[in-house]
2 protein chains.
Amino acid sequence: MSKVAGSNLARAHDPWRASARGARDREHVRDRKFVESLARGLEVLRAFTPNEGLLGNQEIAARTNLPKATVSRLTYTLTQLGYLNHVGRLSKYQLAPAALSLGYSALANMRIRQIARPYMQELANYASATVALGTRDRQSLIYIEHCRGKAAPMLRLDLGSRIPIATTAMGRALLAAMPVTEREWMMSHIQRREGEGWPKVRAGIERAVNDLVTRGFVLSLGEWQQDIVAVGVPLTVPSDGSAAFAFNCGAPTFRLSRDRLENDVGPRLVNMVRNVEAALNGQ
Amino acid sequence: MSKVAGSNLARAHDPWRASARGARDREHVRDRKFVESLARGLEVLRAFTPNEGLLGNQEIAARTNLPKATVSRLTYTLTQLGYLNHVGRLSKYQLAPAALSLGYSALANMRIRQIARPYMQELANYASATVALGTRDRQSLIYIEHCRGKAAPMLRLDLGSRIPIATTAMGRALLAAMPVTEREWMMSHIQRREGEGWPKVRAGIERAVNDLVTRGFVLSLGEWQQDIVAVGVPLTVPSDGSAAFAFNCGAPTFRLSRDRLENDVGPRLVNMVRNVEAALNGQ
DNA sequence: AGTCTTAGTTCCGCAGAGTGAAACCATGTT
DNA sequence: AACATGGTTTCACTCTGCGGAACTAAGACT
């Protein structure tokens, strides 16, 4: 049940727990404001991931825990609207351009991107590393903007791609900057997913919380990808409560010594973020 | 009414004509498979464009022709699900990361991109121009992939951005390759929008239809953007009926003489597309 | 202060949209 | 021919989603 749709943090109403019309819901008071079929339709779209790009109704039904018949109607509707494409004569759908278009509109309207980009590029060049900006969506991070340094075309992550929260510098920065209750809630989720790796992951996060207060940035030293090191710094937009962002600056281990990362790049990233914050509030 | 949601070509069921529960629908037979509230929710998301990125419920209601109360519930739901963000203390929403994420998944799964990219890059380099790949969504084109030639960082269009169909080389290529009935239908739409500019636009399209059969490519010489010339070539994926793509290759006028465009670049683009087609069918 | 305006939210009774189990179809497969 | 497999359609029921209208909140103007 909860495998399907991670609910949306504290403030969230977890759609699938909440209703699933069929499941005679004892206790839960229905939220009259929440439009169930919209949520379901979107959940269908979400079932398509970058690797799982071609799904039949059956597979969708499995992934979303929705009854066959319902999925059939939803895919039909989504196809009409141009969000899905019928592919390969029969059966199997695929995300279609309309979905892409939404993403583009989303990107285009994130003011922070335009403002941050020049700062990011500058640091990327200076450190010959990659600087990226991301934000949270459910249980992972999404890249919103990124700049590569001159000599570092190493790791290629496109805008919109997802990375985990628990083990990356960017993710830890975000976690470390959260209100405690929220962080605890996130961590319980992560714990469930990590299983036995959890103690190590937890230690990493706790160190990050500590690092953030003492040094202003957090680290990930090969904990996400072997051979990749990075620093991360959070940014909270004050006016706009819900939106929290984080930057990272990373490179392959051999290119960026730990010493330089901690004593040069880290502080510079902190400084960069202060500048971005100023620019954001400025105009 | 029809201003809101362009219906989706011939096969389409035009959602808003079809029902709008309140509007006691005489004639129209309801499509029991179509999930109205999903369509409405998505229409709300669509109301956000790259330029119109910050909308209040009221504005959304106006753009979608949905009643206030309904919009209120839909935005509430979309916010819960992470597709919209509440911004600036109260009122006004904005597309949120979840929307972006869909777009990324969509992109990631278009096989044609990976296959076409090397060919595109090669031509882009050769011609010192920009080569792009796009597909249709409703009444416009969407960029799916693009490569810039070495010395041509001129026009910067990101993936997912929209360009018009009627005046661009890419759009005309698509139009020219359509079945007549479909093209006629599209053209009637375009006509409505163009108003008095229509005769010229129409002539352009008709020339394109002609060019396509005689030469294999179509042209747009400054008809979309002053100072930009381009050739376009369509590609139809046979197995996958609905999906039709088109390529363009363009540059600022001063960089690419008309002669070279027509006698060198055009034929090469045609050739490139043949190669891509072969590659697509190959594996 | 008061009054208007503008925008968003909530109520509430109603009707029909959306549902899902089960029957039905259409394609392979053994 | 029987059997999977996966998608679609039917059908009767019910609860969801609807939307007009009432309500609330926050400026803006006198």
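1. The angles quoted below run from 0 to 180 degrees between N-to-C directions, with axes taken as lines fitted to C-alpha atoms, for helices over the stretch in contact. With that convention, helix α7 (residues 169-177) of chain A runs at about 145 degrees to β6(A), and this helix lies across β3, β4, β5, β6, β7 and β8 of chain A.

2. This is a predicted model, and confidence deserves a look before the details. Chain A averages a pLDDT of 86, with 84% of the residues scoring at least 70. Within chain A, the highest mean, 97, belongs to strand β6 (residues 218-221), while the lowest, 38, belongs to helix α1 (residues 15-18). Over residues 1-28 of chain A the pLDDT stays under 50, and for this stretch the model has 48 contacts beyond four places in sequence; I would ask that the text treat that segment with care.

3. In chain A, six strands make up an open sheet whose order is β5-β4-β3-β8-β7-β6, and the pairing is antiparallel. Strands β5 (162-163) and β6 of chain A stand at its edges with a single partner strand each, so each has one side without a neighbour in the sheet. Between strand β3 (residues 130-137) and strand β8 (residues 244-252) of chain A there are six bridges in the antiparallel sense, and C249(A) in β8(A) is the bridge partner of V131(A). Helix α6 (residues 111-127) of chain A lies across β3, β4 (140-148), β7 (228-236) and β8 of chain A, at about 60 degrees to β4(A).

4. For chain B, the open sheet likewise has six strands, ordered β5-β4-β3-β8-β7-β6 with antiparallel pairing. Its edge strands are β5 (162-163) and β6 (218-221) of chain B, each of which pairs on one side only. Strand β6(B) is joined by four bridges to strand β7 (residues 228-236) of chain B, and the two run antiparallel; in β7(B), G232(B) is the bridge partner of V218(B). Helix α6 (residues 111-127) of chain B packs on this sheet, where it touches β3 (130-137), β4 (140-148), β7 and β8 (244-252) of chain B, and its direction makes about 60 degrees with that of β4(B).

5. Inside chain A, the axes of α2(A) and helix α4 (residues 68-80) of chain A come within 10 Å and cross at roughly 80 degrees, and α2(A) and α4(A) are therefore roughly perpendicular to each other. The contact brings S37(A), R40(A), G41(A), V44(A) and L45(A) of α2(A) against T70(A), L74(A), T75(A) and L78(A) of α4(A). By class, these residues divide into four nonpolar, four polar and one charged.

6. How are the two chains related? The same surface serves both copies, since 100% of the contact residues of chain B recur in chain A.

7. Helix α2 (residues 36-46) of chain A also meets its counterpart, helix α2 (residues 36-46) of chain B: their axes come within 8 Å and cross at roughly 75 degrees, which makes α2(A) roughly perpendicular to α2(B). Here S37(A), L38(A), G41(A) and L42(A) in α2(A) meet S37(B), L38(B), G41(B) and L42(B) in α2(B). This contact has four nonpolar, four polar and no charged residues.

Note on methods: Residues numbered from 1 in each chain as written. Chains lettered and ligands numbered in written order. Predicted model: local features only at pLDDT ≥ 70, side-chain atom pairs only at ≥ 80, totals over all residues. Heavy atoms only, no water. Contact = heavy atoms within 4.5 Å. Pairing = 2+ DSSP bridges. Parallel < 35°, antiparallel > 145°, perpendicular 65-115°, else oblique. Nonpolar A, V, L, I, M, F, W, Y, C, P; charged D, E, K, R; others polar. pLDDT = per-residue confidence, 0-100.
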